[in-house]
Amino acid sequence: MDIVVFKLGQRSFGLELAHVREVLRLGRVTPLPLTPPTLLGAMHVRGHVLPVVDLAQLLGEGASRPTMGSTCLRVQLELHHLLFHVGRVEEVVDVDTDELPPRAAGASLVGRVQPTARGPLPLLD
């Protein structure tokens, strides 16, 4: 299984490549009223209005400081498309599915942690 590795602050996280539709630059984000701070707003991408999520804040890594041109992952989770604001994309790694640890019971966003040469890599579910 291929994993996209990206930075949020000083930590690296991973997400299965099958969920990532593209890596793009943050454009103009329109703030949305009465939304949680983890939702930065909405952005127009090729005819679609997509929510922009501050993934760092959602994962408890502190609020990010999005700027025009910073990096986003356009992801598809089931039928929903959204943008995850990330620090930067580092690489794509191939992980043997036999080596993946089991999902943590009751986990919400980080379901497993994959050991790597650079240290533990939290994987988003």
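What you see is a predicted model, where local features need pLDDT of at least 70 and side-chain atom pairs count only at pLDDT 80 or more, while totals for chains, interfaces and linings use all residues. Residues are numbered from 1 along each chain as its sequence is written, and side-chain values use heavy atoms, with hydrogens and water left out.

Let's start with the salt bridges. Side chains of opposite charge can pair when their charged atoms come close. The structure holds 4 salt bridges, a salt bridge being a side-chain nitrogen of Lys or Arg within 4 Å of a carboxyl oxygen of Asp or Glu.

Take R11 and E61, whose side chains meet in one of these bridges at 2.8 Å, N to O. Helices (H or I, at least four residues) and strands (E, at least two) are DSSP runs, numbered from the N terminus. How covered are the two partners? R11 is partly exposed, because its relative accessible area is 40%, and E61 is partly exposed too, at 28%. For these words, buried means under 20% relative accessible area, exposed means over 50%, and partly exposed is in between (1.4 Å probe, protein chains only).

Next, look at E22 and R46, whose side chains meet in a salt bridge at 2.1 Å, N to O. E22 lies in strand β3 (residues 20–25) and R46 in the loop between β4 and β5, so the pair ties together parts that are 24 residues apart in sequence.

The phi of R46 is near 45°, a positive value in a residue other than glycine. With a relative accessible area of 73%, E78 is exposed.

Now over to E90, which has two partners to look at. One is R88: E90 forms a salt bridge with R88, and their closest N and O atoms are 3.6 Å apart. E90 counts as partly exposed at 27% relative accessibility, and R88 is partly exposed with a relative accessible area of 45%. The other partner is S12, whose side chain makes a polar contact with the side chain of E90 at 2.8 Å. A polar contact is a pair of N or O atoms within 3.5 Å; within protein, one must be able to donate a hydrogen and the other to accept it, and residues adjacent in sequence count only if both atoms are side-chain atoms. S12 lies in strand β2 (residues 11–16), and S12 is buried, because its relative accessible area is 17%.

To finish, where does D94 sit? D94 is found in strand β8 (residues 88–94), and D94 counts as exposed because its relative accessibility is 63%.
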